[in-house]
Amino acid sequence: MSKPRRPEISLRKTPRQARSTELVAAILEAAVQVLLREGAPRFTTARVAERAGVSVGSVYQYFPNKAAILFRLQADEWQQTTEMVRELLQDARKPPHQRLRELVHAFLRSEFEEARIRMALADAAPLYRDAREAEDMRHAWDGIIAQFMREALPGVTAPKRKRAGELLMTTLTTAGEHLSRGTPPAREIRAYGQAMADMFCAYLESLQRR
């Protein structure tokens, strides 16, 4: 039995001139508006083109299908989050436990502030999640987390550090998704973040003592 064909989500061509860059930006801005207004099930290339004020052919010059548009939105969001994780966890001026606490609070805030678009993209994920490009993006944090764990847990074995990193990010992303589905006040998000940071720091300290 042949493997299922991976979805095509790469850009057909990279915009190089100012005019083409502006066109792609307009398409992506329109895509956000359509996704938030219509939801993933009713998201279409035609609706994006209409919202952007361009022809469907202009959209297809760069995006082969609607999955490619949605993946580009998701990739931009992932890249922003990855840069935030890298900036906070690689700040060698601060001890690891402080970096971890700042990451928890920053991550939860960002999840809540962008809740609507994140949930809409989550609903659209089946369209592109099996693509190779999506797999590569999902692994973008691996090296950052591994480096941080080496600094935070220098006397701990590599398998235990790997498990700690996986637990950290899985718990953090799950908690962020949970919070973003409601409308908690800012003080509750801060309290939630403080409790999570305490839990993570206690867990890392316990690994060091063993």
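A pocket here is an open set of points on a 1 Å grid over the protein atoms alone, where a 1.4 Å probe fits, with protein on both sides within 12 Å along at least five of seven lines; lining residues have an atom within 4 Å of a point. The model is predicted: local features need pLDDT of at least 70, side-chain atom pairs count only at pLDDT 80 or more, and totals for chains, interfaces and linings use all residues. Residues are numbered from 1 along each chain as its sequence is written, and side-chain values use heavy atoms, with hydrogens and water left out.

**View 1. The chain has ten helices and zero strands.** Helices (H or I, at least four residues) and strands (E, at least two) are DSSP runs, numbered from the N terminus. The C-alpha trace spans about 60 × 45 × 40 Å along its principal axes. Of the 210 residues, 40% are buried, where buried means under 20% relative accessible area, exposed over 50% and partly exposed in between (1.4 Å probe, protein chains only). Contact means heavy atoms within 4.5 Å. Among contacts between residues at least 6 apart in sequence, 73% join residues at least 24 apart.

**View 2. The largest pocket holds about 1000 Å³ of space.** Its volume is the space filled by probe spheres set on the grid points, which are joined across faces, edges and corners. The lining comprises 34 residues, and W78, R138, W141, M169 and T173 lie nearest the centre of the pocket. Helix 4 (66-89), helix 5 (96-113), helix 6 (115-124), helix 7 (132-138), helix 8 (142-152) and helix 9 (158-180) each contribute at least two lining residues. Helix 9 gives the most, with eleven. By class the lining has 14 nonpolar, eight polar and twelve charged residues. Ala, Val, Leu, Ile, Met, Phe, Trp, Tyr, Cys and Pro count as nonpolar, Asp, Glu, Lys and Arg as charged, and the others, Gly among them, as polar.

**View 3. The second largest pocket contains about 210 Å³ of space.** Its lining includes V32, L73, D76, E77, Q80, T81 and M84, together with S110, E114, I117, R118 and L121. Helix 4 and helix 6 each supply at least two of the lining residues. The largest share, six residues, comes from helix 4. Five of the lining residues are nonpolar, three polar and four charged.

**View 4. The model has three aromatic pairs.** F107 and W141 make an edge-to-face pair, 6.1 Å centre to centre with 80 degrees between the planes. F107 is in helix 5 and W141 in the loop between helix 7 and helix 8, so that the pair links parts of the chain 34 residues apart. Both F107 and W141 are buried. Ring pairs also link F71, W78 and Y128 into a cluster. Rings of Phe, Tyr and Trp (its six-membered ring) pair if their centres lie within 6.5 Å; planes under 30 degrees apart count as stacked, over 60 as edge-to-face and the rest as tilted.

**View 5. T45, V48 and A49 are buried in helix 2 (residues 45-52).** Seen down the axis of helix 2, the buried residues fall within an arc of 100 degrees, so they line one face of the helix. The arc is that of the directions from the helix axis to the C-beta atoms. Helix 1 (18-38), helix 3 (56-60) and helix 4 are among what covers these residues. G53 follows helix 2 and has a positive phi, near 75 degrees.
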